[in-house]
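Subject: Structure for your review: helix packing and aromatic pairs

Dear colleague,

Please find below the structure that I am handing over to you. My findings follow it.

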Amino acid sequence: MGTIGLSFGAPGSGQGIDVASTVTQIVTQLQTTETPYKAQLSNLQSQDTAISNLGTLLSTLSTSIQALTDPAGILSGKRGSSSDTNTLALLSAATNATAGSHTVTVQQLAQTSTFASNAIAATDTLSGSLILHTGSGAAQTISVDPANATLSGLVAAINQSNAGVSASLITDSSGTRLSLISQTSGAAGQISIDSAALTDATTGSALLPTAGQSGRDAQLTVDGVAVSSASNTVSNVLSGVTFQLLGVSANPVQVEIANDTQSVTNGVSTLVKNYNAVVSALTAQEGKDASGKAQPLYGSLVLSSLQQALSGALIQQAGTALKSITSIGLSLNGDGTLALNTDQLTGALNTNYAGVQGFFQNINGFGLSFEHAVDGAGVASPNSLLSRAAQANTTIEASLNDTIGTIDTHIATQKTTLTAQLNQANQTLQSIPQQLLAINEIYSAITGYNQQKG
């Protein structure tokens, strides 16, 4: 502990003591007893930050593994292609689609039933009624009344009637027409006009809706089987596959449904990238920072335990047709990072896709075992390596904070006591000149000698 200097000045000066400065010096000296505890606490908090960063990297790695081990993940993905995109376009191939080749011939496209009236002025007044129905639906009567006695009013009335049609107006240089389009595509949506007693009261001419195009189903042959579809968007013929019919062609269209090997390659590449990020972070903790200070986890058993858990899971033999990571193009570099040979992975996917799927997803496969190892290392559960390390630090930090708190309380008490004592001493010192003056006056009164005059 350092030396605390008190400056009283000349005894009779009445200068006293600088209480605040003196107390601050003493408190500063007392606080040095907290230094080792605070240093240990700071080191533990730095470890917490490193542990948290490693936990984040391991969680990211776990997510990239789960994308491959999930039965509904990227290994179940499909992609499709069409040999004639002018006739048939593939819209989607879901995970439940089966890889294979299909032959489709389109004989007829689906159509939606339409009607349109003759042209009149948009502002003309109408009278009469319209009775229509769609497919096998009930007939609906739309009557013209003063509230809807124009074309726009009639359109609103039809759209509110739930007759199964959408009404709108078409305007060109000859005037405005009433347009009706079935809300159901195909033959089942055929519009029927049961009665059209509509009159243009302004001109006295009839308003006659006439058929535009008939509602009809698409006709196609899929793998030799005749199929009809009310819509040109066909999604219920090949399981998991949706395609769009765009034209009629006498030549068969080849539809190919294949496993999405590119997405799998991207998924494995992501796994490699995230694994290497973890390895790099672990390696960095074995060294020193730019100032030469050891990293927070330098020499910690946490590092070696993590490295052993991850590398052990990588080299473990799988109980599946594909035994090791080398069978899918993965290999370990000298620094512990992973490398991926994409050509070798593509070859494995093309020749034994089911084997790669089993390697990641079977109960005895590599994927689930590696996922378990990563989760057991990171923060996926309270019993994981990093979680236990963080919990141990938390316990020690709580004890250190308690100790520091106790010392702070003791120092605060001493500060209060010292301040009171020094203030009292200060009052005594500051009163000395007055006491000396009083003594001098008494002496002068007794002796008649005035010391101040000499």
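Please bear in mind that the model is predicted.

Packing of α4 with α5

Two packed helices are described by the angle between their axes and the distance between the axes. Helix α4 spans residues 261–284 and helix α5 spans residues 301–315; their axes come within 11 Å and cross at roughly 150 degrees. Because angles over 145 degrees count as roughly antiparallel, α4 is roughly antiparallel to α5. Their crossing is left-handed. On the α4 side, the contact involves Tyr275, Val278 and Leu282, which meet Leu303, Leu306, Gln307, Leu310, Ser311 and Leu314 of α5. By residue class, this contact of α4 with α5 has seven nonpolar and two polar residues, and no charged ones.

Packing of α4 with α6

Helix α6, residues 342–351, also packs with α4, at an angle of about 135 degrees and with the axes 10 Å apart. The two helices, α4 and α6, are therefore oblique to each other. The crossing of α4 and α6 is right-handed. From α4, the residues making the contact are Thr261, Val264, Thr265 and Val268; from α6, they are Thr342, Leu345, Thr346, Leu349 and Asn350. The contact of α4 with α6 comprises four nonpolar and five polar residues, again with no charged residue.

Aromatic rings

The structure contains five aromatic pairs. In one of them, the ring centres of Tyr275 and Phe370 lie 6.0 Å apart and the ring planes are at 50 degrees, so this pair is tilted. The pair joins distant parts of the chain, since Tyr275 belongs to helix α4 and Phe370 to helix α8 (residues 366–377), 95 residues apart. Tyr275 has a relative accessible area of 3% and is therefore buried; Phe370, at 0%, is buried as well.

Another pair is formed by Phe360 and Phe366, with ring centres 6.2 Å apart and planes at 70 degrees, so this pair is edge-to-face. Phe360 and Phe366 are both buried. Ring pairs also link Tyr275, Phe359, Phe360, Phe366 and Phe370 into a cluster.

Yours sincerely

How values were computed: Residues numbered from 1 in each chain as written. Predicted model: local features only at pLDDT ≥ 70, side-chain atom pairs only at ≥ 80, totals over all residues. Heavy atoms only, no water. Axes fitted to C-alpha atoms, helices over the stretch in contact; angles between N-to-C directions. Helix = DSSP H or I, 4+ residues; strand = E, 2+ residues; numbered from the N terminus. Parallel < 35°, antiparallel > 145°, perpendicular 65-115°, else oblique. Left-handed = near helix turned anticlockwise from the far one by under 90°. Contact = heavy atoms within 4.5 Å. Nonpolar A, V, L, I, M, F, W, Y, C, P; charged D, E, K, R; others polar. Phe/Tyr/Trp six-rings, centres within 6.5 Å; stacked < 30°, edge-to-face > 60°. Buried < 20%, exposed > 50% of the residue type's maximum accessible area, 1.4 Å probe, protein only.
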